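Biologist: Could you take me through the packing and backbone of this model?

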Amino acid sequence: MSRCFGTVGFQYVDDDLNSAAGQLSTWLQTLRLSSLVVLIDEYDAPLTSCLNQHELFNAVRGQLSEFYAVLKSHDRALRFVFITGITKFNKMRIFSELNNLSDISLAPRFGSLLGYTHEEVQTYFGPYIAKSAEVLSIGQNELLDLLAAHYDGFCFEESGTKKVFAPWSLLNFFAQPDRGFKDYWFESGGRPAVLMEYLKSHTIKEPEEYARDKTISLSALTGSSDVETLSDIGLLTQAGYLTIKSVEFGNTVFLDYPNLEVKRAMAQLYTERLLDGKVAGQVGAGPIVKVLCEESAESVFHILNRLFLAIDYQRYPVRDEASLRAYVQVYFAGAGLDVKVEHHNAHGRSDLEVNAGNRHWIFEFKVVQGNKGETEKLSEAVEQIKQRHYGDQQYSKEVKKVALVFSVEARQFVKWQEV
């Protein structure tokens with residue numbers, strides 16, 4: 001404190017009479033009417049850093065409450081106060097003294113405050129759009145569509161109508177368009193401390209949840225939480241992994257991933273949790289894109305088995321075909337691939353399809369519970385691919401059709417065949 005605020009008289013001391021709050025109060029008394037602007041970014045950071053230490057959490061909350069109480073007692077000096085954060089902790093426990101705050105979190109009027117709208121991108125980044133389109137040898141309209149797919153889609157207001165681009169990702173793209181549509185969000189803001197601390201004592205839902213529709217009540221999303229009542233869906237929304245797609249029936253908020261960048265980040269988060277904090281590359285399953293682009297169906301069989309054998313046994317996700325398909329989807333999506341699950345044609349729906357380079361892969365999965373029936377299940381999968389004409393549509397890519405049989409008991413694929 002003496003280093004940062006010594007120029008205005010603050011000192012670091014360790015006694016109640018000269019505490020930081022006391023010094024702040026004394027200093028505020030010297031200020032003129034409406035002369036101070038207070039900007040607080042990530043107000044919740046001191047709390048989220050000790051989310052799993054209840055005694056310390058309550059002590060920190062007490063210190064924050066004291067700080068805000070001092071601001072309130074000298075509000076004559078305050079011209080403007082603006083506070084941001086990820087988690088909306090119980091207002092009455094932290095801001096009980098500073099009770100004249102207006103919560104604008106989901107107000108439609110401020111829906112475009114935290115990102116660039118599509119119109120703003122076109123208006124203010126025209127030269128960058130032209131340059132990037134030239135670098136990538138595509139048209140400007142195509143570029144805008146790709147930018148929207150990768151970095152747009154965040155919604156911060158309760159009507160669900162205003163969508164914005166993530167500024168960090170967009171600016172990084174414009175700085176180096178020759179690198180293509182890289183993912184910037186996950187490492188910059190996609191691992192907020194509150195989420196990482198939360199995951200130390202909680203688990204995100206099973207991989208099947210990755211592709212399912214998600215909803216939350218508007219009242220739950222707008223209300224305050226406490227440590228014991230944090231909602232995983234609410235927290236993922238506040239952290240940016242999920243965003244508002246629409247609000248229907250008055251109070252039901254439909255949520256989804258805002259864009260491809262965040263969808264891949266969420267898949268990476270699922271994979272890391274299942275691998276006990278490791279990434280796919282650390283368990284010998286990193287080059288899945290290269291394998292799908294260049295190697296054989298047998299290579300895919302082996303790299304998938306390396307992945308499944310590395311899963312933490314306490315979080316083992318595979319119980320049936322749905323959970324098997326979901327984990328493979330999460331693994332592929334986390335590697336940056338655009339995965340389609342239960343892709344329909346006129347005769348049925350394939351389990352999983354994915355494009356990789358000049359190839360289009362179609363997978364049909366079967367599961368056996370014991371060590372019998374593996375050959376029969378493989379034949380069933382092969383016949384299903386043939387009879388339902390999976391992959392018989394006109395594709396400009398090389399089509400690879402693979403039947404795979406997974407043993408729940410062995411926790412790995414035991415049979416495969418390319419069709």
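This is a predicted model: local features need pLDDT of at least 70, side-chain atom pairs count only at pLDDT 80 or more; totals for chains, interfaces and linings use all residues.

Biologist: How many residues has the largest nonpolar core?

Modeller: It has 67 residues. Such a core is a set of buried Ala, Val, Leu, Ile, Met, Phe, Trp, Tyr and Cys residues joined through side-chain atoms within 4.5 Å; buried means under 20% relative accessible area, exposed over 50%, and partly exposed in between (1.4 Å probe, protein chains only). Tyr241, Leu292, Phe308, Phe332 and Phe363 have the most contacts inside it.

Biologist: What is phenylalanine 363 in contact with?

Modeller: Leaving aside neighbours within four places in sequence, its partners include Leu292, Phe332, Asp351 and Val402; contact means heavy atoms within 4.5 Å. Apart from this core lies another, of 23 residues, among them Ile40 and Phe57.

Biologist: Changing topic, what do the buried residues of H2 pack against?

Modeller: They pack against strand S1 (36-40) and helix H4 (54-73). Helices (H or I, at least four residues) and strands (E, at least two) are DSSP runs, numbered from the N terminus.

Biologist: And where does phenylalanine 249 lie?

Modeller: Phenylalanine 249 is in the loop between strands S4 (243-248) and S5 (252-256). Its phi is positive, about 60 degrees, although it is not a glycine.

Biologist: Is phenylalanine 249 buried or exposed?

Modeller: Exposed, at 71% relative accessibility.

Notes
Residues are numbered from 1 along each chain as its sequence is written. Side-chain values use heavy atoms; hydrogens and water are left out.
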